[in-house]
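Trainee: I have a new model to look at today. Could you take me through it?
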Amino acid sequence: MATANTMKPASDVSEFHAHIYYQPHTKSTVEALRSAMQQIAGRRLKIHSLSDGPRGPHVTPMFGVDIPKADLAEVLGFLMLNRDPHSVLIHPVTSNELLDHRHHASWLGLPHPLDLTHL
């Protein structure tokens, strides 16, 4: 259990990443979600292209979004209300990518498998 002396400060987080997963039969709805995010967030977010195959630790098709700390609440609220039927992994970006994906992550919807050997 963490104590006051071992707790990590929030300043260790440089930004957040979201990974929005889809299946071949939901590709059109994930494209619509991606387009809506681009329209709403403008240039504040870096929205990556769709990846129909594995990318890094992500074995399920997905697209990623780089989220500045100041925009997390807006993006998280948007995804909570509009993600269906897609699962979303959200994690902080710190100096430890493995811990970010394994221990510091949160899921909206059902978790998808990750291949953490890539981290």
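This is a predicted model: local features need pLDDT of at least 70, side-chain atom pairs count only at pLDDT 80 or more; totals for chains, interfaces and linings use all residues.

Trainee: Which residue in β4 is the bridge partner of histidine 19?
Mentor: Histidine 19 has leucine 89 as its bridge partner in β4.

Trainee: And what packs on the sheet, touching β1, β2 and β3?
Mentor: That is helix α1, residues 27-41, whose direction makes about 15 degrees with that of β3 (62-67). Helix α2 also packs on the sheet, touching β1, β3, β4 and β5. The direction of α2 makes about 170 degrees with that of β4.

Trainee: What is the order of the strands in the sheet?
Mentor: The five strands form an open sheet in the order β2-β3-β1-β4-β5, with antiparallel pairing.

Trainee: Changing topic: where does proline 85 lie?
Mentor: Proline 85 is in the loop between α2 (72-82) and β4 (88-93). A cis peptide bond joins aspartate 84 to proline 85, with omega about 15 degrees.

Trainee: What about the whole protein: what pattern does it follow along the sequence?
Mentor: The pattern is β-α-β-β-α-β-α-β. The radius of gyration is 15 Å, close to the 14 Å from the globule rule for 119 residues, so the protein is as compact as a globular protein of that length.

Trainee: How many of the residues count as buried?
Mentor: Of the 119 residues, 37% count as buried. The accessible surface comes to about 7000 Å², and 56% of that belongs to carbon and sulfur atoms.

Notes
Residues are numbered from 1 along each chain as its sequence is written. Side-chain values use heavy atoms; hydrogens and water are left out. Helices (H or I, at least four residues) and strands (E, at least two) are DSSP runs, numbered from the N terminus. Two strands pair if DSSP finds at least two bridges between them. Contact means heavy atoms within 4.5 Å. Axes are lines fitted to C-alpha atoms, for helices over the stretch in contact, and angles run from 0 to 180 degrees between N-to-C directions. The radius of gyration is taken over C-alpha atoms; the globule rule is 2.2 Å times the number of residues to the power 0.38. Buried means under 20% relative accessible area, exposed over 50%, partly exposed in between (1.4 Å probe, protein chains only). Accessible areas come from the Shrake-Rupley method with a 1.4 Å probe; for residues, only the protein chains shown count as cover.
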